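I am opening this notebook to record what I looked up in one structure, entry by entry.

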Amino acid sequence: MDSEIAAQEWSRGYSTQQNISAGLEEDLERIIYKVFDEFEKHSGPRFNIFTEVWQQTGVGLIFSGRESFREMFEFTEELFSRVKKYALSTLGGKTNHALVRYAALYLLYSLYFKQPCRPRVKIRLVKEELDDLLATTGLARQESHWDVLYAWSKLFTSHAFHYVACQGQMGLEVALQMEQREVAERNTFGTKEDYFKSKEFLGLMKKMGKAHSKYVSMKSSLASSKVKSDSSLFLTNQTFPQTVRQVGQEANVEKEASKVGDSAIGEKRRGIKYKFYEGTREETSGSQEGGKGEVDEWTPVESFSTRVKR
């Protein structure tokens, strides 16, 4: 029974028609911040710490299972683009920690030389991104992080970067592919199970409920809320797990309400677009029909030589 439930949960979140980058963002975020935590524990961005996390997480297997060279090439381009943003000084509109940037540089270095594509896929860089990465390597030089400088120098001297004017490829056919990819990603994110309803969150809530009940019973046996000296021990929320669960449910309700509002606006805009295009099509077809009528009514002009013979 448990295996059937697990299979149903898996089928709800994944399908054979999903995008090639499905789940990539979550994996990269988990790996980079795991390396960041290890850097903080050991007080420095040493490359041997990164290699330990690389082997523990099995990042090198990320290229496995690709069905064609084209899919591998596109996946590698997408992979480099997503790792690169963690190496920049700003991430999500906020200042990015230096250790996170060093971890992303190590990951770029390792993935570039690990990729199976020949010729190798290059890392696209615009001028602003190049200046940003140079500032990061300058900071590493000041702090004597020679491992980071070696990874950067190896990428630079191996011509791993493709210096471009735009972050993505431009063109009509590329725009169509990008639009299809964005739609596929939105559908992938939409089918994923909400975290507050996921098995992981429910398991955490169960553990927290047991720990909280044990804490409350132990506190009640050792202290009393009626005693003035012990009253400060009873300021905490006695139903803390239920409060957390209620906050999660309220967040889900707000999210569903915002989705309904966005979908209504989207439907209205789509209807206006369709109405406009249908009106244009009717005008075009009407003008074509009018032209046909004129062609049918037209008769050839009698030539001068024919009239002379008559």
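Entry 1, after a helix. I looked at what comes after helix 6 and found Ser144, whose phi is positive, near 60°; helices here are DSSP runs of H or I with at least four residues, strands are runs of E with at least two, and both are numbered from the N terminus. I note that this is a predicted model, in which local features need pLDDT of at least 70 and side-chain atom pairs count only at pLDDT 80 or more, while totals for chains, interfaces and linings use all residues. Residues are numbered from 1 along each chain as its sequence is written, and side-chain values use heavy atoms, with hydrogens and water left out.

I read off 16 residues for helix 6 and a reach of 23 Å from first to last C-alpha, close to the 22 Å expected, where the expected span is 1.5 Å times one less than the number of residues. I listed its buried residues, among them Glu129, Asp132 and Thr136; buried means under 20% relative accessible area, exposed over 50% and partly exposed in between, with a 1.4 Å probe and protein chains only. These buried residues pack against helix 4, helix 5, strand 3, helix 7 and strand 4 (161–163), contact being heavy atoms within 4.5 Å.

Which side chain of opposite charge is nearest to Arg101? I found Asp132, 4.8 Å away, and Arg101 is buried yet has no salt bridge, a term that requires a side-chain nitrogen of Lys or Arg within 4 Å of a carboxyl oxygen of Asp or Glu. Arg101 sits in helix 5 (residues 98–114), and its contacts beyond four places in sequence include Tyr86, Asn96 and Thr136.

Tyr109 is buried at a relative accessible area of 16%, whereas Phe113 is partly exposed at 27%. For Trp152 and Phe161 the centres are 5.2 Å apart and the planes at 35°, so that pair is tilted; Trp152 and Phe161 are both buried.

Methods. Lys, Arg positive; Asp, Glu negative; His and termini not counted. Phe/Tyr/Trp six-rings, centres within 6.5 Å; stacked < 30°, edge-to-face > 60°.
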